[in-house]
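Me: I have a model open and want to talk through its layout. Can you take it from the sheets to the ligand?

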Amino acid sequence: MNKTEYLNRLDEQKKIQELMKGDKYTLNFHLIPPSGWLNDPNGLCQFNGVNHIYYQYTPFNATWGMKLWGHYTTKDWITYKEYEPFIFSDIEDDRDGVYSGSAFIKNNEFYFYYTGNVKHTDKKYDYISAGREQNTILIKSKDGFTYKEKKTLLKNIDYPKNMSCHVRDPQIFEKNDNYYMVLGARDLDDVGCILIYQSKDLENWDYHMTLTTPEKFGYMWECPNIIEISGQTFLICCPQGVEQQGIDYANIYQCGYFPLELDLEKKEYKFGDFIELDRGFDIYAPQTFLDENNRRILIGWMGIPDADYTNQPTIDKGWQHALTLPRELKANGKKIYQLPLEEYKKLRGEVQKTLDCSAKNVELNFEFTTCKNFNLTLRDSISLTYDGYIFTLDLEKCGFGRKIRSVKLKNLIDIQIFLDNSSIEIFLNSGEKVFTSRCYSKNLEANPKFYGEYTLNDFKWYELKKFEILK
Ligand code: FRU
(Lines give C-alpha, C1' and ligand atoms only; values in the text may rest on other atoms or scores of the structure.)
Protein backbone atom coordinates (compact mmCIF):
# COMPACT_ATOMS: atom_id res chain seq x y z
CA MET A 1 0.00 0.00 0.00
CA ASN A 2 1.60 3.22 -1.12
CA LYS A 3 0.70 6.66 0.24
CA THR A 4 -1.85 7.45 -2.48
CA GLU A 5 -3.70 4.18 -1.87
CA TYR A 6 -3.69 4.92 1.84
CA LEU A 7 -5.01 8.46 1.40
CA ASN A 8 -7.77 7.21 -0.89
CA ARG A 9 -9.05 4.92 1.84
CA LEU A 10 -9.24 7.37 4.72
CA ASP A 11 -13.06 7.27 4.67
CA GLU A 12 -12.82 3.62 5.72
CA GLN A 13 -10.71 4.70 8.64
CA LYS A 14 -13.32 7.25 9.74
CA LYS A 15 -15.98 4.51 9.78
CA ILE A 16 -13.79 2.23 11.85
CA GLN A 17 -13.07 5.06 14.27
CA GLU A 18 -16.82 5.58 14.82
CA LEU A 19 -17.08 1.91 15.83
CA MET A 20 -14.06 2.21 18.09
CA LYS A 21 -15.63 5.13 19.97
CA GLY A 22 -18.39 2.86 21.24
CA ASP A 23 -16.05 0.09 22.30
CA LYS A 24 -15.70 -0.31 26.06
CA TYR A 25 -12.48 -2.26 25.46
CA THR A 26 -10.48 0.50 23.79
CA LEU A 27 -7.53 1.30 26.00
CA ASN A 28 -7.05 4.54 27.90
CA PHE A 29 -3.39 4.55 28.87
CA HIS A 30 -1.88 2.23 26.29
CA LEU A 31 -1.26 2.91 22.61
CA ILE A 32 -3.64 1.16 20.23
CA PRO A 33 -3.79 1.54 16.43
CA PRO A 34 -5.81 4.54 15.18
CA SER A 35 -7.80 1.84 13.33
CA GLY A 36 -7.15 -1.72 12.23
CA TRP A 37 -4.24 -3.86 13.37
CA LEU A 38 -1.00 -3.14 15.24
CA ASN A 39 1.92 -5.44 16.03
CA ASP A 40 5.61 -4.86 16.81
CA PRO A 41 6.96 -1.52 18.04
CA ASN A 42 9.56 -0.27 15.54
CA GLY A 43 12.21 2.43 15.30
CA LEU A 44 12.01 3.44 18.97
CA CYS A 45 14.25 6.40 19.70
CA GLN A 46 14.45 9.83 21.27
CA PHE A 47 15.68 12.85 19.32
CA ASN A 48 15.75 16.42 20.66
CA GLY A 49 13.41 15.51 23.49
CA VAL A 50 10.84 13.78 21.31
CA ASN A 51 10.29 10.04 21.65
CA HIS A 52 9.31 8.35 18.39
CA ILE A 53 7.21 5.21 18.47
CA TYR A 54 6.72 3.60 15.08
CA TYR A 55 4.87 0.31 14.84
CA GLN A 56 3.72 -2.43 12.47
CA TYR A 57 0.40 -1.17 11.20
CA THR A 58 -2.41 -2.41 8.96
CA PRO A 59 -4.81 0.56 8.98
CA PHE A 60 -7.92 -0.93 7.39
CA ASN A 61 -7.91 -4.52 8.58
CA ALA A 62 -8.15 -5.70 12.19
CA THR A 63 -6.86 -9.19 11.41
CA TRP A 64 -3.42 -8.77 9.80
CA GLY A 65 -2.61 -7.57 6.26
CA MET A 66 -0.15 -5.32 4.43
CA LYS A 67 2.30 -3.79 6.92
CA LEU A 68 3.26 -0.12 7.11
CA TRP A 69 5.07 1.77 9.85
CA GLY A 70 2.53 3.76 11.88
CA HIS A 71 3.84 6.65 13.97
CA TYR A 72 3.24 8.24 17.37
CA THR A 73 5.44 10.68 19.24
CA THR A 74 5.52 11.81 22.84
CA LYS A 75 7.65 14.16 24.90
CA ASP A 76 6.30 13.20 28.31
CA TRP A 77 4.83 9.70 27.83
CA ILE A 78 1.40 11.09 28.76
CA THR A 79 0.47 13.23 25.78
CA TYR A 80 0.93 11.66 22.38
CA LYS A 81 0.71 12.84 18.81
CA GLU A 82 -0.57 10.63 16.05
CA TYR A 83 0.94 11.00 12.57
CA GLU A 84 0.22 9.44 9.25
CA PRO A 85 2.28 6.32 8.55
CA PHE A 86 5.99 6.98 8.13
CA ILE A 87 6.97 4.14 5.80
CA PHE A 88 4.67 2.87 3.06
CA SER A 89 5.17 -0.15 0.86
CA ASP A 90 6.10 1.48 -2.43
CA ILE A 91 9.20 -0.15 -3.94
CA GLU A 92 9.79 -3.62 -5.38
CA ASP A 93 12.00 -4.53 -2.41
CA ASP A 94 9.22 -3.98 0.16
CA ARG A 95 6.20 -4.63 -2.01
CA ASP A 96 4.62 -7.19 0.38
CA GLY A 97 5.17 -5.30 3.57
CA VAL A 98 7.36 -2.88 5.46
CA TYR A 99 8.41 -5.26 8.19
CA SER A 100 10.04 -4.59 11.55
CA GLY A 101 13.20 -2.64 12.16
CA SER A 102 14.84 -0.05 14.31
CA ALA A 103 16.31 3.45 14.45
CA PHE A 104 19.88 4.55 15.10
CA ILE A 105 20.76 8.21 15.54
CA LYS A 106 24.15 9.48 14.40
CA ASN A 107 25.27 13.08 13.84
CA ASN A 108 21.75 14.44 14.19
CA GLU A 109 20.41 12.08 11.60
CA PHE A 110 18.02 9.15 11.92
CA TYR A 111 19.07 5.89 10.27
CA PHE A 112 16.08 3.58 9.98
CA TYR A 113 16.72 -0.04 9.07
CA TYR A 114 13.82 -2.35 8.27
CA THR A 115 12.98 -5.53 6.45
CA GLY A 116 11.31 -5.23 3.07
CA ASN A 117 9.15 -8.32 2.64
CA VAL A 118 8.57 -9.80 -0.83
CA LYS A 119 6.54 -12.94 -1.50
CA HIS A 120 6.80 -14.43 -4.97
CA THR A 121 3.64 -15.90 -6.43
CA ASP A 122 4.77 -17.11 -9.85
CA LYS A 123 4.76 -20.74 -8.62
CA LYS A 124 4.22 -22.78 -5.47
CA TYR A 125 6.72 -22.07 -2.71
CA ASP A 126 7.11 -23.13 0.91
CA TYR A 127 8.21 -19.54 1.67
CA ILE A 128 10.87 -20.97 4.00
CA SER A 129 13.58 -22.28 1.72
CA ALA A 130 12.31 -20.39 -1.33
CA GLY A 131 9.82 -17.82 -2.56
CA ARG A 132 10.46 -15.02 -0.09
CA GLU A 133 12.83 -12.07 -0.10
CA GLN A 134 13.77 -10.31 3.09
CA ASN A 135 15.62 -7.18 2.10
CA THR A 136 17.42 -5.03 4.63
CA ILE A 137 16.59 -1.45 3.70
CA LEU A 138 17.94 1.89 4.98
CA ILE A 139 16.11 5.19 5.20
CA LYS A 140 17.95 8.30 6.35
CA SER A 141 15.93 11.14 7.76
CA LYS A 142 16.70 14.52 9.32
CA ASP A 143 13.46 14.71 11.29
CA GLY A 144 11.86 11.27 11.68
CA PHE A 145 8.92 12.35 9.48
CA THR A 146 10.33 12.68 5.98
CA TYR A 147 12.96 11.04 3.82
CA LYS A 148 14.21 11.13 0.28
CA GLU A 149 15.07 7.57 -0.60
CA LYS A 150 15.05 3.94 0.36
CA LYS A 151 18.32 2.11 -0.12
CA THR A 152 18.51 -1.68 -0.13
CA LEU A 153 21.61 -2.75 1.79
CA LEU A 154 21.33 -6.52 1.96
CA LYS A 155 19.38 -9.07 -0.05
CA ASN A 156 18.95 -12.83 0.50
CA ILE A 157 22.11 -13.47 -1.49
CA ASP A 158 24.10 -11.41 1.04
CA TYR A 159 23.07 -13.62 3.96
CA PRO A 160 25.12 -16.74 4.73
CA LYS A 161 24.41 -19.65 2.37
CA ASN A 162 22.94 -21.85 5.09
CA MET A 163 20.14 -19.37 5.86
CA SER A 164 16.50 -19.92 4.93
CA CYS A 165 14.50 -17.00 3.50
CA HIS A 166 13.64 -15.89 7.04
CA VAL A 167 16.18 -13.22 7.99
CA ARG A 168 14.76 -10.00 9.39
CA ASP A 169 14.22 -7.29 12.00
CA PRO A 170 17.55 -5.37 12.00
CA GLN A 171 18.83 -3.65 15.13
CA ILE A 172 22.01 -1.54 15.26
CA PHE A 173 24.52 -0.90 18.03
CA GLU A 174 27.93 0.72 18.21
CA LYS A 175 30.96 -0.80 19.91
CA ASN A 176 34.67 0.13 19.77
CA ASP A 177 34.34 2.36 16.69
CA ASN A 178 32.40 -0.24 14.76
CA TYR A 179 28.70 -0.50 14.02
CA TYR A 180 26.95 -3.83 14.29
CA MET A 181 23.66 -4.96 12.82
CA VAL A 182 21.79 -7.82 14.44
CA LEU A 183 19.25 -9.82 12.42
CA GLY A 184 16.90 -12.59 13.52
CA ALA A 185 17.10 -15.74 11.41
CA ARG A 186 16.19 -19.34 10.68
CA ASP A 187 18.79 -21.51 9.02
CA LEU A 188 18.15 -24.26 6.48
CA ASP A 189 18.29 -26.88 9.26
CA ASP A 190 15.48 -25.03 11.05
CA VAL A 191 17.70 -23.71 13.80
CA GLY A 192 16.90 -20.26 15.19
CA CYS A 193 19.89 -17.91 15.29
CA ILE A 194 21.15 -14.34 15.10
CA LEU A 195 23.32 -12.89 12.35
CA ILE A 196 25.72 -10.05 13.09
CA TYR A 197 27.01 -7.71 10.38
CA GLN A 198 29.71 -5.08 10.82
CA SER A 199 30.12 -1.62 9.27
CA LYS A 200 32.30 1.46 9.52
CA ASP A 201 29.83 3.87 7.89
CA LEU A 202 26.32 2.52 8.65
CA GLU A 203 25.76 1.84 4.91
CA ASN A 204 28.20 -0.88 3.85
CA TRP A 205 27.82 -4.02 5.88
CA ASP A 206 29.95 -7.18 6.03
CA TYR A 207 28.91 -10.46 7.52
CA HIS A 208 30.64 -10.87 10.87
CA MET A 209 29.30 -13.89 12.77
CA THR A 210 26.30 -16.04 13.68
CA LEU A 211 25.12 -16.64 17.23
CA THR A 212 23.09 -19.60 18.36
CA THR A 213 22.77 -21.80 21.43
CA PRO A 214 24.86 -25.00 21.71
CA GLU A 215 21.60 -26.95 21.64
CA LYS A 216 18.82 -25.94 19.26
CA PHE A 217 16.35 -23.56 20.90
CA GLY A 218 13.52 -23.23 18.40
CA TYR A 219 13.54 -22.92 14.60
CA MET A 220 13.39 -19.12 14.22
CA TRP A 221 14.46 -16.17 16.35
CA GLU A 222 12.62 -12.92 15.64
CA CYS A 223 13.19 -9.33 16.73
CA PRO A 224 16.66 -9.49 18.30
CA ASN A 225 18.11 -6.71 20.47
CA ILE A 226 21.67 -6.89 21.79
CA ILE A 227 21.94 -4.49 24.71
CA GLU A 228 24.13 -3.76 27.67
CA ILE A 229 22.74 -2.89 31.08
CA SER A 230 25.15 -2.09 33.92
CA GLY A 231 27.99 -3.85 32.12
CA GLN A 232 26.06 -7.06 31.42
CA THR A 233 25.28 -7.94 27.80
CA PHE A 234 21.90 -9.43 26.95
CA LEU A 235 20.32 -10.77 23.80
CA ILE A 236 16.58 -10.18 23.86
CA CYS A 237 14.76 -12.16 21.17
CA CYS A 238 11.63 -14.12 20.31
CA PRO A 239 12.33 -17.81 19.62
CA GLN A 240 9.64 -19.78 17.79
CA GLY A 241 9.33 -23.55 18.08
CA VAL A 242 10.31 -24.07 21.73
CA GLU A 243 8.28 -26.74 23.50
CA GLN A 244 6.39 -26.05 26.69
CA GLN A 245 8.08 -27.45 29.82
CA GLY A 246 5.71 -27.56 32.78
CA ILE A 247 4.68 -23.98 33.51
CA ASP A 248 7.53 -22.58 31.38
CA TYR A 249 7.39 -21.61 27.69
CA ALA A 250 3.60 -21.81 27.85
CA ASN A 251 2.95 -19.36 24.99
CA ILE A 252 3.02 -20.43 21.35
CA TYR A 253 6.16 -18.32 20.77
CA GLN A 254 8.67 -17.15 23.33
CA CYS A 255 9.80 -13.69 24.31
CA GLY A 256 12.83 -13.46 26.54
CA TYR A 257 16.54 -12.96 26.88
CA PHE A 258 19.87 -14.71 27.17
CA PRO A 259 22.62 -13.20 29.29
CA LEU A 260 25.50 -13.18 26.83
CA GLU A 261 29.27 -13.09 26.92
CA LEU A 262 30.21 -11.61 23.57
CA ASP A 263 33.67 -10.81 22.25
CA LEU A 264 33.05 -9.22 18.87
CA GLU A 265 36.73 -8.93 18.00
CA LYS A 266 37.57 -12.55 18.66
CA LYS A 267 34.13 -13.63 17.41
CA GLU A 268 33.62 -15.64 20.59
CA TYR A 269 30.48 -15.88 22.64
CA LYS A 270 28.71 -17.84 25.32
CA PHE A 271 25.01 -17.95 26.09
CA GLY A 272 23.53 -18.04 29.59
CA ASP A 273 20.14 -19.65 30.19
CA PHE A 274 17.08 -18.19 28.45
CA ILE A 275 14.72 -16.31 30.76
CA GLU A 276 11.18 -15.39 29.79
CA LEU A 277 10.84 -11.64 29.89
CA ASP A 278 7.17 -11.78 30.76
CA ARG A 279 4.96 -14.60 32.00
CA GLY A 280 1.65 -13.32 30.62
CA PHE A 281 -0.28 -14.26 27.48
CA ASP A 282 0.28 -11.18 25.34
CA ILE A 283 3.87 -10.24 24.93
CA TYR A 284 6.02 -10.34 21.82
CA ALA A 285 8.58 -8.48 19.70
CA PRO A 286 9.78 -6.06 22.38
CA GLN A 287 12.20 -3.38 21.36
CA THR A 288 14.47 -1.27 23.56
CA PHE A 289 16.29 2.03 23.17
CA LEU A 290 18.40 4.38 25.26
CA ASP A 291 16.64 7.67 25.83
CA GLU A 292 18.42 11.01 26.19
CA ASN A 293 18.66 10.40 29.95
CA ASN A 294 20.39 7.09 29.28
CA ARG A 295 17.45 5.06 30.46
CA ARG A 296 17.07 1.68 28.73
CA ILE A 297 13.38 1.68 27.80
CA LEU A 298 11.44 -1.33 26.54
CA ILE A 299 8.09 -1.38 24.77
CA GLY A 300 6.53 -4.65 23.66
CA TRP A 301 3.68 -5.69 21.46
CA MET A 302 0.80 -6.57 23.82
CA GLY A 303 -0.17 -9.43 21.54
CA ILE A 304 1.37 -12.54 20.04
CA PRO A 305 1.18 -14.02 16.54
CA ASP A 306 -0.67 -17.25 15.73
CA ALA A 307 -2.19 -17.80 19.19
CA ASP A 308 -5.55 -19.54 19.14
CA TYR A 309 -7.25 -16.95 21.33
CA THR A 310 -10.73 -16.91 19.90
CA ASN A 311 -12.98 -14.12 18.63
CA GLN A 312 -11.17 -11.25 20.25
CA PRO A 313 -14.02 -8.87 20.98
CA THR A 314 -12.36 -5.76 19.55
CA ILE A 315 -12.19 -7.24 16.04
CA ASP A 316 -15.88 -6.50 15.46
CA LYS A 317 -15.10 -2.90 16.36
CA GLY A 318 -12.45 -2.68 13.68
CA TRP A 319 -9.24 -2.85 15.69
CA GLN A 320 -6.90 -5.24 17.44
CA HIS A 321 -3.83 -5.16 19.72
CA ALA A 322 -1.86 -2.59 21.67
CA LEU A 323 1.59 -1.73 22.95
CA THR A 324 2.65 -2.45 26.53
CA LEU A 325 3.35 0.27 29.04
CA PRO A 326 6.88 1.55 28.43
CA ARG A 327 9.21 0.01 30.99
CA GLU A 328 12.63 0.91 32.27
CA LEU A 329 15.06 -2.00 32.37
CA LYS A 330 17.59 -2.57 35.14
CA ALA A 331 20.01 -5.45 35.50
CA ASN A 332 20.49 -7.38 38.69
CA GLY A 333 23.44 -9.61 37.81
CA LYS A 334 22.25 -11.71 34.88
CA LYS A 335 18.57 -10.90 35.43
CA ILE A 336 16.56 -8.12 33.86
CA TYR A 337 14.08 -6.23 36.01
CA GLN A 338 11.31 -4.16 34.41
CA LEU A 339 9.46 -1.27 35.96
CA PRO A 340 6.86 1.00 34.39
CA LEU A 341 8.45 4.21 33.25
CA GLU A 342 8.17 6.80 36.06
CA GLU A 343 6.20 9.24 33.93
CA TYR A 344 2.98 7.24 34.20
CA LYS A 345 2.67 8.61 37.75
CA LYS A 346 1.39 11.83 36.22
CA LEU A 347 -1.77 9.87 35.36
CA ARG A 348 -2.49 9.15 39.01
CA GLY A 349 -5.43 10.62 40.87
CA GLU A 350 -5.54 10.91 44.68
CA VAL A 351 -3.95 8.12 46.66
CA GLN A 352 -6.54 5.73 48.16
CA LYS A 353 -6.00 3.32 51.02
CA THR A 354 -9.12 1.18 51.28
CA LEU A 355 -9.91 -1.94 49.28
CA ASP A 356 -13.15 -0.32 48.24
CA CYS A 357 -12.24 0.41 44.63
CA SER A 358 -14.91 0.74 42.00
CA ALA A 359 -12.84 2.68 39.43
CA LYS A 360 -12.08 0.99 36.09
CA ASN A 361 -8.58 2.15 35.21
CA VAL A 362 -6.40 1.70 38.24
CA GLU A 363 -2.99 1.02 39.65
CA LEU A 364 -3.02 -1.20 42.76
CA ASN A 365 0.02 -1.55 45.02
CA PHE A 366 0.42 -4.25 47.67
CA GLU A 367 3.50 -4.30 49.88
CA PHE A 368 3.85 -7.30 52.17
CA THR A 369 5.59 -7.76 55.49
CA THR A 370 4.91 -11.48 55.20
CA CYS A 371 3.06 -13.42 52.54
CA LYS A 372 2.29 -17.15 52.79
CA ASN A 373 -0.56 -17.29 50.35
CA PHE A 374 -3.47 -15.30 48.95
CA ASN A 375 -6.27 -15.16 46.48
CA LEU A 376 -7.03 -11.86 44.79
CA THR A 377 -9.92 -11.41 42.42
CA LEU A 378 -10.39 -8.35 40.22
CA ARG A 379 -13.39 -7.35 38.16
CA ASP A 380 -15.05 -10.63 39.33
CA SER A 381 -13.38 -12.43 36.43
CA ILE A 382 -9.61 -12.13 36.91
CA SER A 383 -7.95 -14.24 39.55
CA LEU A 384 -4.44 -13.99 40.98
CA THR A 385 -3.24 -16.59 43.46
CA TYR A 386 -0.07 -17.32 45.36
CA ASP A 387 0.62 -20.48 47.36
CA GLY A 388 4.05 -19.70 48.72
CA TYR A 389 5.83 -21.20 45.67
CA ILE A 390 3.83 -20.40 42.59
CA PHE A 391 2.07 -17.26 41.47
CA THR A 392 -0.79 -17.81 39.01
CA LEU A 393 -2.89 -15.59 36.79
CA ASP A 394 -6.20 -17.17 35.78
CA LEU A 395 -8.22 -15.52 33.01
CA GLU A 396 -10.56 -18.41 32.14
CA LYS A 397 -13.62 -16.24 32.61
CA CYS A 398 -12.51 -13.28 30.55
CA GLY A 399 -9.53 -14.40 28.47
CA PHE A 400 -11.31 -15.36 25.24
CA GLY A 401 -9.07 -18.43 25.01
CA ARG A 402 -6.46 -17.35 27.54
CA LYS A 403 -6.49 -19.63 30.58
CA ILE A 404 -3.69 -19.92 33.12
CA ARG A 405 -0.10 -18.69 33.36
CA SER A 406 2.19 -19.21 36.35
CA VAL A 407 5.67 -18.57 37.63
CA LYS A 408 7.76 -20.02 40.44
CA LEU A 409 8.42 -17.43 43.12
CA LYS A 410 9.95 -18.19 46.51
CA ASN A 411 9.17 -14.86 48.10
CA LEU A 412 6.58 -12.31 47.29
CA ILE A 413 7.38 -8.83 48.55
CA ASP A 414 5.26 -6.53 46.45
CA ILE A 415 2.70 -6.50 43.65
CA GLN A 416 1.88 -3.63 41.35
CA ILE A 417 -1.10 -4.06 39.02
CA PHE A 418 -2.27 -1.89 36.14
CA LEU A 419 -5.81 -2.38 34.88
CA ASP A 420 -6.80 -0.69 31.64
CA ASN A 421 -10.16 -1.42 30.00
CA SER A 422 -8.98 -4.66 28.39
CA SER A 423 -5.48 -5.24 29.72
CA ILE A 424 -3.69 -6.20 32.88
CA GLU A 425 0.01 -5.79 33.68
CA ILE A 426 1.34 -7.25 36.91
CA PHE A 427 4.80 -6.43 38.26
CA LEU A 428 6.01 -8.72 41.06
CA ASN A 429 8.91 -7.95 43.41
CA SER A 430 9.69 -4.58 41.83
CA GLY A 431 9.80 -5.91 38.31
CA GLU A 432 11.51 -9.28 38.90
CA LYS A 433 8.57 -11.03 37.21
CA VAL A 434 5.94 -9.49 34.95
CA PHE A 435 2.64 -10.74 33.54
CA THR A 436 1.15 -8.84 30.58
CA SER A 437 -2.18 -9.77 29.14
CA ARG A 438 -5.33 -8.69 27.40
CA CYS A 439 -8.58 -9.53 29.24
CA TYR A 440 -12.19 -8.72 28.48
CA SER A 441 -14.33 -8.64 31.61
CA LYS A 442 -18.04 -7.83 31.38
CA ASN A 443 -17.85 -5.54 34.35
CA LEU A 444 -14.79 -3.28 34.28
CA GLU A 445 -14.89 -1.98 37.86
CA ALA A 446 -11.73 -3.16 39.64
CA ASN A 447 -13.57 -4.40 42.72
CA PRO A 448 -10.62 -6.19 44.41
CA LYS A 449 -11.30 -9.03 46.87
CA PHE A 450 -8.30 -10.20 48.78
CA TYR A 451 -7.99 -13.21 51.13
CA GLY A 452 -5.13 -15.25 52.51
CA GLU A 453 -2.37 -15.57 55.04
CA TYR A 454 -0.33 -12.42 54.77
CA THR A 455 0.46 -9.20 56.57
CA LEU A 456 0.48 -5.99 54.59
CA ASN A 457 2.99 -3.27 55.20
CA ASP A 458 1.10 -1.00 52.82
CA PHE A 459 -1.75 -1.01 50.36
CA LYS A 460 -2.69 1.86 48.10
CA TRP A 461 -4.37 2.42 44.80
CA TYR A 462 -4.85 5.23 42.33
CA GLU A 463 -7.35 5.85 39.62
CA LEU A 464 -5.43 6.49 36.38
CA LYS A 465 -6.34 9.15 33.84
CA LYS A 466 -6.47 8.68 30.11
CA PHE A 467 -3.62 9.49 27.73
CA GLU A 468 -4.18 12.51 25.58
CA ILE A 469 -3.73 11.72 21.89
CA LEU A 470 -3.49 14.71 19.56
CA LYS A 471 -4.03 14.29 15.84
C1 FRU B 1 7.19 -10.26 14.74
C2 FRU B 1 7.21 -10.19 13.21
C3 FRU B 1 8.57 -9.76 12.70
C4 FRU B 1 8.24 -9.17 11.36
C5 FRU B 1 6.93 -8.48 11.65
C6 FRU B 1 5.94 -8.46 10.52
O7 FRU B 1 5.91 -10.13 15.25
O8 FRU B 1 6.82 -11.40 12.64
O9 FRU B 1 9.52 -10.80 12.65
O10 FRU B 1 9.21 -8.29 10.92
O11 FRU B 1 6.35 -9.17 12.75
O12 FRU B 1 4.82 -7.74 10.87
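Reply: Two strands count as paired if DSSP finds at least two bridges between them. Strands (E, at least two residues) and helices (H or I, at least four) are DSSP runs, numbered from the N terminus. This is a predicted model, where local features need pLDDT of at least 70, side-chain atom pairs count only at pLDDT 80 or more, and totals for chains, interfaces and linings use all residues. Residues are numbered from 1 along each chain as its sequence is written, and side-chain values use heavy atoms, with hydrogens and water left out.

Me: Fine. Which strands form the open sheet with mixed pairing, and in what order?
Reply: That sheet has 6 strands, in the order β20-β1-β2-β3-β4-β32. β20 (319-320) and β32 (468-470) are its edge strands, each pairing on one side only.

Me: How do β4 and β32 run, and over how many bridges?
Reply: They run parallel, with 3 bridges joining β4 (residues 79-87) to β32. T79 has E468 as its bridge partner in β32.

Me: What about the sheet with β5 in it, parallel or antiparallel?
Reply: Antiparallel: 4 strands make an open sheet in the order β5-β6-β7-β8. β5 and β8 (150-154) are at the edges with a single partner strand each, so one side of each has no neighbour in the sheet. On average, neighbouring strands here are turned by 30 degrees against each other, direction ignored; the axes behind such angles are lines fitted to C-alpha atoms, for helices over the stretch in contact, and angles in general run from 0 to 180 degrees between N-to-C directions.

Me: And which residue pairs with L138?
Reply: K151, in β8. β7 (residues 132-141) and β8 are antiparallel and joined by 4 bridges.

Me: Moving on to β15. Which strands does it pair with?
Reply: β14 (residues 232-240) pairs with β15 (residues 256-263) over 5 bridges, antiparallel, and L235 is opposite F258 there. β16 (residues 268-271) is also antiparallel to β15, over 4 bridges, with D263 opposite E268. β17 (residues 275-276) pairs with β15 in the antiparallel sense over 2 bridges, and I275 in β17 is the bridge partner of Y257.

Me: Which residue has positive phi in the β15 and β16 hairpin?
Reply: K267, with phi near 55 degrees; the hairpin has 4 residues between the strands.

Me: Now the ligand. Which residues surround it?
Reply: The shell holds N39, D40, Q56, K67, Y99, S100, R168, D169, E222, C223, Y284 and W301. By class the shell is 4 nonpolar, 3 polar and 5 charged, with Ala, Val, Leu, Ile, Met, Phe, Trp, Tyr, Cys and Pro as nonpolar, Asp, Glu, Lys and Arg as charged, and the others, Gly among them, as polar.

Me: What are the side-chain distances to ligand oxygens for D40, R168 and E222?
Reply: A polar side-chain atom of D40 is 2.8 Å from a ligand oxygen. For R168 a side-chain N or O atom is 2.8 Å from a ligand oxygen, and for E222 the distance is 3.0 Å. The cut-off for a polar contact is a pair of N or O atoms within 3.5 Å.

Me: How much of the ligand's area does the protein cover?
Reply: 95% of the 320 Å² of accessible area that the ligand has on its own, by the Shrake-Rupley method with a 1.4 Å probe.

Me: Which elements give two or more residues to the shell?
Reply: β1 (36-47), β5 (98-106), β9 (163-175) and β13 (220-229).

Me: Last one: how many helices and strands in the chain?
Reply: 2 helices and 32 strands.

Key. Near = heavy atom within 4 Å. Polar contact = N/O pair within 3.5 Å; in protein donor to acceptor, adjacent residues only side chain to side chain.
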